[in-house]
Amino acid sequence: MTRIKMCGLRRPEDIEAVNELKPEYIGFVFFPGSKRYVTPETAKTLRAGLNPGIKAVGVFVDEEPEKVARLLEEGVIDIAQLHGHEDETYLAELRKKTDKPLIRAFRIRSAEDTQQAQASTAEQILLDAGAGDGKTFDWSWLKEVTRPYFLAGGLNPENAGEAVKKLKPYAVDVSSGIETEGYKDINKMRAFVRAVREEQV
Ligand SMILES: O=C(O)c1ccccc1N[C@@H]1O[C@H](COP(=O)(O)O)[C@@H](O)[C@H]1O
């Protein structure tokens, strides 16, 4: 079964939408350079309203391990998604501070880029074209990937079904593709969930 992660939630109405649609994961972006940035305080408030069956992922870009670990240990998030240049040394440093699960994101620009992802010691990997900018990549580059992965990058209600059918990823991760004018759009969110789940009945 392919799970769904809806990333970049910022408003109480986004939480209401996911509580209705029940993706397996949602994401809060803690990278200050992102238009989807939320403060830890906002994330804490939003998390309090989230259906407890949905896991909250925190997205970080080259953040200090202490800050990542604190949000995990305080229970604001369940999983950390590392979307910058975090190498195995960084992961080891973070593991000294928390034993919560990590998703390491990799930018895939060729089939060779998947080798580093395959070898990661992170509990889970995420394969993306960019960083929340709605770009897709050539999915044929994923032929050699044998471990489960989150597929990200330019997914939307129109291409999600095809992605699930062709690749059967562990999860599909979406942000830009369920937005209108920079905000999450309940109709696109519903259409995305329908496209993924209809492909699996
Ligand atoms: O969403 C962001 O602004 C962001 C910023 C920095 C790193 C990652 C970010 N988002 C992640 O990007 C992918 C794909 O997003 P999209 O569907 O292509 O818009 C997803 O994993 C988000 O978690």
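In strand E8, Met6 finds its bridge partner in Val174. The structure described here is a predicted model, in which local features need pLDDT of at least 70 and side-chain atom pairs count only at pLDDT 80 or more, while totals for chains, interfaces and linings use all residues. Residues are numbered from 1 along each chain as its sequence is written. The average pLDDT (the predictor's confidence in each residue, from 0 to 100) is 97 for the chain, and 100% of the residues score at least 70. For the complex, the predictor gives an ipTM of 0.98 and a pTM of 0.97.

The pairing of Met6 with Val174 belongs to a parallel arrangement in which four bridges join strand E1 to strand E8 (residues 171-174). Helices (H or I, at least four residues) and strands (E, at least two) are DSSP runs, numbered from the N terminus, and two strands pair if DSSP finds at least two bridges between them. Strand E1 also pairs with strand E2 (residues 25-29), again in the parallel sense, over three bridges. In this second pairing, Met6 stands opposite Ile26 of E2. Strand E1, helix H1 (residues 12-21) and strand E2 form a right-handed β-α-β unit; a crossover is right-handed if, with the strands pointing away from the viewer, the path from the first strand over the helix to the second runs clockwise.

Strand E1 (residues 3-7) is largely enclosed by the rest of the structure, because four of its five residues are buried. A residue is buried if 20 or more other C-beta atoms lie within 10 Å of its own, exposed if 12 or fewer, and partly exposed in between, with C-beta atoms placed from the backbone. In E8, Ala171 and Asp173 point one way and Val172 and Val174 the other way, and all are buried. Leu151 has Val172 as its bridge partner in E8. Together with helix H6 (residues 160-167), strands E7 and E8 make a right-handed β-α-β unit.

Strand E3 (residues 55-60) and strand E4 (residues 79-82) run parallel and are joined by four bridges, with Val59 opposite Gln81 in E4. From E3 the chain passes through helix H3 (residues 65-73) to E4 in a right-handed β-α-β crossover. Strand E4 is in turn joined by three bridges to strand E5 (residues 102-107), also in parallel, and Gln81 stands opposite Ile103 of E5. The path from E4 to E5 leads through helix H4 (residues 88-95), and this β-α-β crossover is right-handed.

Among the loop residues, Val38 lies between E2 and helix H2 (40-48). Val38 counts as buried because it has 22 C-beta neighbours inside 10 Å. Leaving aside residues up to four places away in sequence, Val38 touches Arg10, Phe28, Val29, Phe30 and Ala43; two residues are in contact if their C-beta atoms, placed from the backbone, lie within 7 Å. Val38 and Leu9 are 29 residues apart in sequence, and their C-alpha atoms are 8.4 Å apart in space.

Most residues other than glycine have a negative phi. Lys22, although not a glycine, has a positive phi of about 55 degrees and is located in the loop between H1 and E2. Asp62, also not a glycine, has a positive phi of about 50 degrees and is located in the loop between E3 and H3. Lys22 is exposed, with 11 other C-beta atoms within 10 Å, and Asp62 is likewise exposed, with 11 other C-beta atoms within 10 Å.

The ligand is surrounded by 25 residues, the closest being Ser34, Ala131, Gly132, Ser175 and Ser176. Elements giving two or more residues to this shell are E2, strand E6 (124-128) and E8. The shell divides into 10 nonpolar, 11 polar and four charged residues. In this classification, Ala, Val, Leu, Ile, Met, Phe, Trp, Tyr, Cys and Pro count as nonpolar, Asp, Glu, Lys and Arg as charged, and the others, Gly among them, as polar.

Definitions and conventions:
A residue is near a molecule or strand if its C-beta atom, placed from the backbone, lies within 6 Å of it.
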